[in-house]
Amino acid sequence: VMRKLRLDYESLRAIRPDIILVMASAFGPDGPYRERIGFDGADVGGHDGESGEAGLLQSDTVVATADGRLLHVSRSIRPLAAAGAAAATHALVLLLDRSVERAAENDRELLLGELRCTLEATADGILVTDLNGRVRAFNQRFAEMYPAPPELLAPGRPYPAFLRHLAEHGYYGDGDVDALVARRVESLRNPSGKAFEDRAPDGRV
């Protein structure tokens, strides 16, 4: 099939140096039956609603190398038509190694898991933000101290939006809401060691 389509590893590698080329043959690359057509149980993709033809399939999967290693790859399967053919008769399969990115994602998830365990092990209410002031994590004690709509503490939400909710509900006392929120945002960006006193609507301080 590769020869018929005038494709080989070197020509594909010239276009994409990190490509992994995988070739499969129903009856093997050599022998009397090498030209026979075979099919496996894999779905080669969706279908175009108008033409009814098979379309591009993209997915993530795991493949094993000859030395036993497992690679996390992004797989792309594109139907191809041979010269003179009206419809697709072959499929071009491209695999892109994502193992490094997957390992980094796993490391981040592990660190976040350890952070959550640490947060829940303390009796203090703690909330963690990133350098851009967006919520990253918090413990249950913090949520109990400051009841608020859950979406305000969702990962990635701006922490100032949560502070505004508290200011609007009287936690920071009387005064201009924008100014009250700005003071606390400034204390996060430039810590001075100054403490703030919050007063909950139920009288807790």
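Pro147 counts as partly exposed because its relative accessibility is 46%, where partly exposed means between the limits for buried (under 20% relative accessible area) and exposed (over 50%), with a 1.4 Å probe and protein chains only. This is a predicted model, in which local features need pLDDT of at least 70 and side-chain atom pairs count only at pLDDT 80 or more, while totals for chains, interfaces and linings use all residues. Residues are numbered from 1 along each chain as its sequence is written, and side-chain values use heavy atoms, with hydrogens and water left out.

**Surroundings of Pro147**

- Pro147 lies in the loop between helix H3 (140-145) and helix H4 (159-168), helices being DSSP runs of H or I with at least four residues, numbered from the N terminus.
- Apart from neighbours within four places in sequence, Pro147 is in contact with His165, Tyr171 and Arg204, contact meaning heavy atoms within 4.5 Å.
- The C-alpha atom of Pro147 is separated by 9.5 Å from that of Ala200, which is 53 residues apart along the chain.

**Aromatic pairs**

- The structure holds five aromatic pairs, a pair being rings of Phe, Tyr or Trp (its six-membered ring) whose centres lie within 6.5 Å, with planes under 30 degrees apart counted as stacked, over 60 as edge-to-face and the rest as tilted.
- One of these is the tilted pair of Phe142 and Phe162, at 5.6 Å centre to centre and 40 degrees between the planes.
- Because Phe142 lies in helix H3 and Phe162 in helix H4, this pair ties together parts that are 20 residues apart in sequence.
- Phe142 counts as buried at 6% relative accessibility, and Phe162 counts as buried at 0%.
- Tyr146 and Phe162 have ring centres 6.3 Å apart and planes at 85 degrees, so their pair is edge-to-face.
- This second pair links Tyr146, in the loop between H3 and H4, with Phe162 in helix H4, 16 residues apart, and Tyr146 counts as buried at 14% relative accessibility.
- Through ring pairs, Phe142, Tyr146, Tyr159, Phe162 and Tyr171 are linked into a cluster.

**Nonpolar core**

- The largest nonpolar core has 17 residues, of which Phe142, Tyr159, Phe162, Leu163 and Tyr172 touch the most other members; such a core is a set of buried Ala, Val, Leu, Ile, Met, Phe, Trp, Tyr and Cys residues joined through side-chain atoms within 4.5 Å.
- H4 and helix H5 (177-189) are the elements that give two or more residues to this core, and the largest share, five residues, comes from H4.
- Not counting residues up to four places away in sequence, Phe142 touches Gly125, Ile126, Leu127, Leu153, Tyr159 and Phe162.
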